[in-house]
Amino acid sequence: MKADFLFCAGSRTAAAVLFLCAQAASAQTYVERLSEAEYEEMRNPGIYVPYSDLEMEREAMMAAAANGHVSPENAVMAASCFVNWTDGTFSSDVSLDVEKAGIPMPGGKATAVKEIEMKLPILAKDPLLSLYVDDAKNLGDLVLEGSITLEDLTRIVDSSKKTPAMFASGGVNLLTRHTIKLTDISSSLIKHKTPYENPQPIEHVSSREYTGIIIDARGQLPIHGEFTESEAYPCLFPKIWTEDMDLLYERNMVKSDIARTQGIVHYASSEFTEDYADRTGNSPLWITAKKVYGINRCDPIISRSDYLRIVSVKQNLELLKQGKVVILLDKKNLEHTVEVPLKEKSYYITYHQLKRFFFERKIPDIDLEDVLKGIQITVQNLQFIADSYELLPEEKPRIAEIAQSLKKAVSSGEYTILIEGHTADVNKPNGQMTLSVQRAQEIIKELSANGLDKSLFTFRGFGGTKPVADNSTPEGRALNRRVEIIIMPKGSYILRE
């Protein structure tokens, strides 16, 4: 047996996936067959043993099944997940085929319900992990950094509100809906006990006392620090900034008991203030957002004058402590079925083929991982002309090799490619963000010059906001100067087990 179970040896997500896989009988049986030595080898990031083609196909099939992506004809259970930020819920509609599951009816209904409860965390995992936490992270990022665990999320799913199970399709499919409150997740991330107050500005304007704050961030908005526009998106903990990037509002400004029970903002799409008068009262301050900020496009930016209308009156600052804030967003971004990358057997075969390609070519400073969005190729220690986005000539052969691997991977037409640029943090956040975008665009230019269709690509820049090493050392800064190439499969709204 090889050490390359499910994902690459040492993958950041391997331990997390093993936890969920252990809930499925087939995966659990497989894990139990691993010897202690094999398990340690699997966890060792310095070891890679290539698969044979037969092993590759077998493990790809198991990986797809363990992550809720079996084929429709082989599926026993299916689920689709829906998030409603307006009422603060995340729901999973589940269907279990009792005939395929081998559960006799009518006496086996209780057994079927238990089967749903046991396997739902596997199917709900990826949709849950894709939810935005703040302007830069999603729940998957928090799992990787240890701020929340998959065990925590599984307990939340297990304790979800359930509708009575009922049969459809002639008594073959057992249907039920599980619903959790988003505050069940966000409350565990509230750590402060006493809120801090916004510092009083020297400048004041004539204002009055309001009963709440409404920020209209609907439609396309300019992105702060970038030369493009975007819609704004919801998250558990949005921040509110001024155009000078003074922070007006964030989670630690809200009383902890209020933040835990009702969240720090209420999201809505309606202009009718009576729809959320319980949050903002009958005389709210209406503000139109000027821009949006953040990697995830979650933070509204307001004008300096609107900022001063709030902070110039002590009672308005109290509104922030009470969480009397509503953010208006486009309805389609607030209420929708959650799409996740479709990781079928062919996806994992592509992953292992790429792993073999880089292993055999011995291409330096390349790391390959299966992450939430897709297959991530991290190109470390990229050498650019100092403070420039122009690649040094000696880097171009490495990019050409990567282009060759990508052409094989995307030849099926099932994938797009996201290029993410990162810089070391040298305390120049705006310049770093711009440089990271430019470097991502430069990599697209080089890959396209090596035969890849430019229409396959999208790009993002993160500046120095996502370090993977210590910026205080030359070695750490070299690791942080990186580009991540993510091969993204098409999306799916239905997961199957």
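E59 lies in helix α4, residues 53-66. Helices here are DSSP runs of H or I with at least four residues, strands are E runs of at least two, and both are numbered from the N terminus. The model is predicted, so local features need pLDDT of at least 70 and side-chain atom pairs count only at pLDDT 80 or more, while totals for chains, interfaces and linings use all residues. Residues are numbered from 1 along each chain as its sequence is written, and side-chain values use heavy atoms, with hydrogens and water left out.

Is E59 buried or exposed? E59 counts as buried because its relative accessibility is 0%. The cut-offs are these: buried means under 20% relative accessible area, exposed means over 50%, and partly exposed lies in between, with a 1.4 Å probe and protein chains only. The side chain of E59 meets that of R58 in a polar contact of 2.7 Å. Such a contact is a pair of N or O atoms within 3.5 Å; within protein, one must be able to donate a hydrogen and the other to accept it, and residues adjacent in sequence count only if both atoms are side-chain atoms. M56 also has its place in helix α4. M56 has a relative accessible area of 3%, so M56 is buried. From M56 to N173 there are 117 residues in sequence and 33 Å in space, C-alpha to C-alpha.

Next come the empty spaces. Rolling a probe the size of a water molecule over the atoms shows where empty space is left. The search uses a 1 Å grid over the protein atoms alone. A cavity is a set of points where a 1.4 Å probe fits but cannot get out. A pocket is an open set with protein on both sides within 12 Å along at least five of seven lines. Lining residues have an atom within 4 Å of a point. Grid points are joined across faces, edges and corners, and a volume is the space filled by probe spheres set on the points.

How many cavities of 30 Å³ or more are there? The count is 4. The largest cavity holds about 60 Å³ of space. Its lining has 10 residues, of which P121, K125, L128, L153 and T154 lie nearest the centre. Two elements give two or more residues to this lining: α6 (109-129) and α8 (150-158). The largest share, 5 residues, comes from α6. By type, the lining of the largest cavity divides into 8 nonpolar, 1 polar and 1 charged. Ala, Val, Leu, Ile, Met, Phe, Trp, Tyr, Cys and Pro count as nonpolar; Asp, Glu, Lys and Arg count as charged; the others, Gly among them, count as polar.

The second largest pocket contains about 440 Å³ of space. It is lined by 24 residues, and Q262, G263, V265, H266 and R279 lie nearest its centre. At least two lining residues come from each of α9 (182-186), α10 (256-262), β11 (266-268) and α11 (277-280). The lining of this pocket divides into 9 nonpolar, 9 polar and 6 charged residues.

I185 is buried because its relative accessible area is 1%. Between I185 and L247 lie 62 residues in sequence and 24 Å in space, C-alpha to C-alpha.

Backbone angles come next. Most residues other than glycine have a negative phi, and most peptide bonds are trans. M245 is not a glycine, yet has a positive phi of about 60°. M245 lies in the loop between β9 (240-242) and β10 (247-249). At 23% relative accessibility, M245 is partly exposed. N381, also not a glycine, has a positive phi of about 50°. Its loop runs between β19 (375-379) and α16 (396-409). N381 is partly exposed, at a relative accessible area of 26%.

The rings come last. Rings of Phe, Tyr and Trp (its six-membered ring) pair if their centres lie within 6.5 Å; planes under 30 degrees apart count as stacked, over 60 as edge-to-face and the rest as tilted. There are 4 aromatic pairs by this rule. Y347 and Y348 form an edge-to-face pair, 4.9 Å centre to centre, with 90° between the planes. Y347 is buried at 1% relative accessible area, and Y348 is buried at 0%. F357 and F358 also pair edge-to-face, 5.5 Å centre to centre and 90° between the planes. Both F357 and F358 are buried. Elsewhere, the charged end of R251 sits over the ring of F237, 3.8 Å from its centre. That label requires NZ of Lys or CZ of Arg within 6 Å of the ring centre and within 35 degrees of the ring normal.
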